[in-house]
Amino acid sequence: MEPKLFSWKEIPGRIPKEGVTMRVFSGEKGMMVLFEIAPNVEIEVHSHPHEQMGTVLEGEITLKIGKEERVLKAGDGYIAPSGVPHGAKTGTKGAKVLDFFSPPREDYK
């Protein structure tokens, strides 16, 4: 893979669910996804074989990973190990979240 510099604004947004826009940038071994989530949107509990970690850039989100649940605000981060159920819900302001997946998710390419 060749080195690449980019702006998130150059990457077309996709809407995987009403109220959620995602922009995907993928390398060979990892993938970053910028999520913009509208207010009061729920991301149903799910799991996948990818390790997922991220940080809240704007707003706040209630995140449940395994048995732990917490409200995360800008500057807070998280990790959801492979196979661990997790889900989220935004508050009244919505949120912008940057996630990293390893290995890259084929369903997001």
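Which residues lie nearest the centre of the largest pocket, and how many residues line it? In this predicted model, the lining consists of 24 residues, and those nearest the centre are Phe35, Ile43, His46, Gln52 and Tyr108.

The largest pocket holds about 440 Å³ of space. At least two lining residues come from each of the strands β1 (14-17), β2 (20-26), β3 (31-37), β4 (42-46), β5 (51-65), β7 (77-80) and β8 (86-102). Strand β8 contributes the most, namely six residues. Sorted by class, the lining comprises 15 nonpolar, five polar and four charged residues.

The second largest pocket has a volume of about 160 Å³. Its lining is made up of Leu63, Ile65, Glu68, Glu69, Arg70, Leu72, Gly77, Tyr78 and Ile79. Two or more of these residues are given by each of β5, β6 (68-73) and β7. The largest share, four residues, belongs to β6. In this lining, five residues are nonpolar, one is polar and three are charged.

## The nonpolar core

The largest nonpolar core contains 20 residues, and Val33, Phe35, Ile61 and Tyr108 have the most contacts inside it. Strands β2, β3, β5, β7 and β8 each provide at least two residues of this core. Phe35 and Tyr108 have already been named among the residues nearest the centre of the largest pocket. Apart from neighbours within four places in sequence, Tyr108 is in contact with Arg14, Met22, Val24, Met31, Val33, Phe35 and Phe101. Two of these partners, Val33 and Phe35, are themselves among the core residues with the most contacts.

## Residues in strand β8

Is Thr90 buried or exposed? Thr90 counts as buried because its relative accessible area is 3%. The side chain of Thr90 makes polar contacts with backbone atoms of two residues: a polar atom of this side chain lies 2.7 Å from the backbone oxygen of Ala38, and the side chain reaches the backbone nitrogen of Val41 at 2.9 Å. Not counting residues up to four places away in sequence, Thr90 touches Ile37, Ala38, Pro39, Asn40, Val41, Glu60, Ile61 and Ala95.

Leu98 has a relative accessible area of 23% and is therefore partly exposed. Between Leu98 and Phe35 there are 6.2 Å in space, C-alpha to C-alpha, although the two are 63 residues apart in sequence. With residues up to four places away in sequence left out, Leu98 touches Trp8, Met32, Val33, Leu34, Met53, Gly54, Thr55, Leu57 and Tyr78.

Asp76 is placed in the loop between β6 and β7. A polar atom of the Asp76 side chain lies 2.8 Å from the backbone nitrogen of Lys73. Beyond its neighbours within four places in sequence, Asp76 is in contact with Gly54, Thr55, Val56 and Val71. Asp76 and Ala95 are 19 residues apart in sequence and 12 Å apart in space, C-alpha to C-alpha.

His50 occupies the loop between β4 and β5. Its contacts, leaving aside neighbours within four places in sequence, are with Ala80, Pro81, Ser82, Phe101, Ser102, Pro103, Pro104 and Arg105. Phe101 is also in contact with Tyr108 when the sequence neighbours of Tyr108 within four places are set aside.

Glu42 belongs to strand β4. Leaving aside neighbours within four places in sequence, Glu42 is in contact with Lys17, Ala88 and Lys89. Glu42 and Ser7 are 35 residues apart in sequence, and their C-alpha atoms are 28 Å apart in space.

The table gives the accessibility of these residues.

| Residue | Relative accessible area and class |
|---|---|
| Asp76 | Asp76: 30%, partly exposed |
| His50 | His50: 11%, buried |
| Glu42 | Glu42: 45%, partly exposed |

Methods
Residues numbered from 1 in each chain as written. Predicted model: local features only at pLDDT ≥ 70, side-chain atom pairs only at ≥ 80, totals over all residues. Heavy atoms only, no water. 1 Å grid on protein atoms, 1.4 Å probe; cavity = no way out; pocket = protein on both sides within 12 Å on 5 of 7 lines; lining within 4 Å. Points joined across faces, edges and corners; volume = space filled by probe spheres on them. Nonpolar A, V, L, I, M, F, W, Y, C, P; charged D, E, K, R; others polar. Buried < 20%, exposed > 50% of the residue type's maximum accessible area, 1.4 Å probe, protein only. Contact = heavy atoms within 4.5 Å. Polar contact = N/O pair within 3.5 Å; in protein donor to acceptor, adjacent residues only side chain to side chain. Core = buried A, V, L, I, M, F, W, Y, C linked by side-chain atoms within 4.5 Å.
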